[in-house]
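Hello,

Here is the structure I promised to send over. My notes follow below it.

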Amino acid sequence: MCNKNLYSLLGLVSRARKLVTGDSLLKGIRANKVKCVIIANDASDNAKKKFSDKCKYYHVPYYIIGDVDSLSKAIGKNNRVCVGICDEGFAVKVKSMIGG
(Lines give C-alpha, C1' and ligand atoms only; values in the text may rest on other atoms or scores of the structure.)
Protein backbone atom coordinates (compact mmCIF):
# COMPACT_ATOMS: atom_id res chain seq x y z
CA MET A 1 0.00 0.00 0.00
CA CYS A 2 2.73 2.47 0.93
CA ASN A 3 5.27 2.47 -1.80
CA LYS A 4 8.37 4.43 -2.62
CA ASN A 5 6.49 6.70 -5.04
CA LEU A 6 4.17 7.94 -2.29
CA TYR A 7 7.09 8.83 -0.03
CA SER A 8 8.85 10.54 -2.93
CA LEU A 9 5.74 12.60 -3.57
CA LEU A 10 5.56 13.57 0.10
CA GLY A 11 9.18 14.73 -0.14
CA LEU A 12 8.27 16.85 -3.15
CA VAL A 13 5.29 18.33 -1.30
CA SER A 14 7.59 19.16 1.61
CA ARG A 15 10.11 20.88 -0.65
CA ALA A 16 7.29 22.85 -2.26
CA ARG A 17 6.33 24.09 1.24
CA LYS A 18 2.78 22.75 0.88
CA LEU A 19 3.05 20.42 3.88
CA VAL A 20 2.27 21.20 7.54
CA THR A 21 2.85 19.22 10.75
CA GLY A 22 2.19 19.56 14.47
CA ASP A 23 0.21 22.50 15.83
CA SER A 24 0.23 24.15 12.41
CA LEU A 25 -1.62 21.11 11.12
CA LEU A 26 -4.41 21.48 13.66
CA LYS A 27 -4.72 25.20 12.88
CA GLY A 28 -4.73 24.45 9.14
CA ILE A 29 -7.51 21.88 9.53
CA ARG A 30 -9.61 24.39 11.49
CA ALA A 31 -9.01 27.07 8.84
CA ASN A 32 -9.89 24.67 5.97
CA LYS A 33 -6.44 25.11 4.44
CA VAL A 34 -5.46 21.44 4.69
CA LYS A 35 -6.83 19.25 1.88
CA CYS A 36 -5.58 15.83 3.02
CA VAL A 37 -4.03 14.36 6.20
CA ILE A 38 -1.75 11.34 6.52
CA ILE A 39 -1.35 9.71 9.94
CA ALA A 40 1.33 7.11 10.67
CA ASN A 41 0.01 3.65 11.48
CA ASP A 42 2.21 3.30 14.56
CA ALA A 43 1.30 6.70 16.04
CA SER A 44 -0.06 6.69 19.58
CA ASP A 45 -3.77 6.03 20.03
CA ASN A 46 -4.19 9.54 21.46
CA ALA A 47 -2.59 11.15 18.38
CA LYS A 48 -4.63 9.03 15.98
CA LYS A 49 -7.85 9.92 17.77
CA LYS A 50 -7.03 13.64 18.01
CA PHE A 51 -6.22 14.04 14.33
CA SER A 52 -8.91 11.71 12.99
CA ASP A 53 -11.64 13.36 15.09
CA LYS A 54 -10.52 16.81 13.95
CA CYS A 55 -10.54 15.65 10.31
CA LYS A 56 -13.98 14.08 10.64
CA TYR A 57 -15.44 17.23 12.20
CA TYR A 58 -14.03 19.53 9.50
CA HIS A 59 -14.64 17.02 6.64
CA VAL A 60 -10.97 16.63 5.70
CA PRO A 61 -10.01 13.23 4.21
CA TYR A 62 -7.39 11.37 6.23
CA TYR A 63 -5.45 8.15 5.78
CA ILE A 64 -3.70 5.98 8.37
CA ILE A 65 -0.76 4.42 6.55
CA GLY A 66 2.96 3.72 6.85
CA ASP A 67 5.08 4.19 9.93
CA VAL A 68 6.65 7.11 11.76
CA ASP A 69 10.19 6.45 10.54
CA SER A 70 9.26 6.25 6.85
CA LEU A 71 6.99 9.30 7.04
CA SER A 72 9.62 11.34 8.89
CA LYS A 73 12.37 10.31 6.49
CA ALA A 74 10.24 11.17 3.46
CA ILE A 75 9.66 14.76 4.56
CA GLY A 76 13.13 15.26 6.06
CA LYS A 77 12.08 15.94 9.65
CA ASN A 78 12.33 13.86 12.82
CA ASN A 79 9.46 12.14 14.65
CA ARG A 80 6.50 13.30 12.57
CA VAL A 81 3.43 11.14 13.12
CA CYS A 82 1.02 13.21 11.06
CA VAL A 83 1.31 15.49 8.02
CA GLY A 84 -1.17 17.65 6.18
CA ILE A 85 -1.11 18.60 2.50
CA CYS A 86 -2.27 22.14 1.72
CA ASP A 87 -2.29 22.01 -2.09
CA GLU A 88 -5.33 20.57 -3.88
CA GLY A 89 -3.32 19.11 -6.78
CA PHE A 90 -0.89 17.30 -4.50
CA ALA A 91 -3.78 16.08 -2.33
CA VAL A 92 -5.57 14.59 -5.35
CA LYS A 93 -2.36 12.82 -6.44
CA VAL A 94 -1.77 11.40 -2.94
CA LYS A 95 -5.38 10.20 -2.75
CA SER A 96 -5.05 8.43 -6.08
CA MET A 97 -1.75 6.78 -5.04
CA ILE A 98 -3.28 5.55 -1.77
CA GLY A 99 -6.42 4.41 -3.52
CA GLY A 100 -8.90 6.65 -1.75
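Aromatics come to begin with. The count comes to one aromatic pair, where rings of Phe, Tyr and Trp (its six-membered ring) pair if their centres lie within 6.5 Å, and planes under 30 degrees apart are stacked, over 60 edge-to-face and the rest tilted. Tyr57 and Tyr58 make up that pair. It is edge-to-face, at 4.9 Å centre to centre with 80 degrees between the planes. Tyr57 is exposed, at 62% relative accessible area. Tyr58 is partly exposed, at 26%. The cut-offs: buried is under 20% relative accessible area, exposed is over 50%, and partly exposed lies in between (1.4 Å probe, protein chains only).

A word on the source. This is a predicted model, in which local features need pLDDT of at least 70 and side-chain atom pairs count only at pLDDT 80 or more, while totals for chains, interfaces and linings use all residues. Residues are numbered from 1 along each chain as its sequence is written, and side-chain values use heavy atoms, with hydrogens and water left out.

Now the sheet. Helices (H or I, at least four residues) and strands (E, at least two) are DSSP runs, numbered from the N terminus. Four strands form an open sheet in the order S1-S4-S2-S3, with mixed pairing. Two strands pair if DSSP finds at least two bridges between them. At the edges are strand S1 (19-21) and strand S3 (62-65), and each pairs on one side only. From one strand to the next, the twist averages 25 degrees. Angles run from 0 to 180 degrees between N-to-C directions, with axes fitted to C-alpha atoms, for helices over the stretch in contact.

Strand S2 (residues 36-40) and strand S4 (residues 82-85) run antiparallel, joined by four bridges. Ile39 has Cys82 in S4 as its bridge partner. S1 and S4 also run antiparallel, with three bridges. There, Val20 has Gly84 in S4 as its bridge partner. From S4, Cys82 and Gly84 point one way, and Val83 and Ile85 point the other way. All four are buried.

Helix H5 (residues 88-98) lies across S2, S3 and S4, at about 50 degrees to S2. In the core, H1 gives the most, as described next.

The largest nonpolar core has 21 residues. A nonpolar core is a set of buried Ala, Val, Leu, Ile, Met, Phe, Trp, Tyr and Cys residues joined through side-chain atoms within 4.5 Å. Leu10, Ile38, Ile85, Val94 and Ile98 touch the most other members. H1, S2, S3, helix H4 (68-75), S4 and H5 each supply at least two residues. H1 gives the most, with five.

What does Ile38 contact, leaving aside its neighbours within four places in sequence? The list is Leu10, Tyr63, Ile65, Leu71, Val81, Cys82, Val83, Ile85, Val94 and Ile98. Contact means heavy atoms within 4.5 Å. A second, separate core has 13 residues, including Val20, Ala47, Phe51 and Val60.

For Cys36, the nearest cysteine sulfur is that of Cys55, 8.5 Å away. Cys36 is buried, at 0% relative accessibility. For Cys82, the nearest cysteine sulfur is again that of Cys55, 6.6 Å away. Cys82 is buried too, at 3%.

Last, two backbone points. Asn32 has a positive phi, near 60 degrees, and is not a glycine. Asn32 sits in the loop between helix H2 (23-30) and S2. It is partly exposed, at 48% relative accessible area. His59 also has a positive phi, about 55 degrees, and is not a glycine either. His59 lies in the loop between helix H3 (45-57) and S3. At 71% relative accessibility, His59 is exposed.

Best wishes

Conventions: Disulfide = S-S within 2.5 Å.
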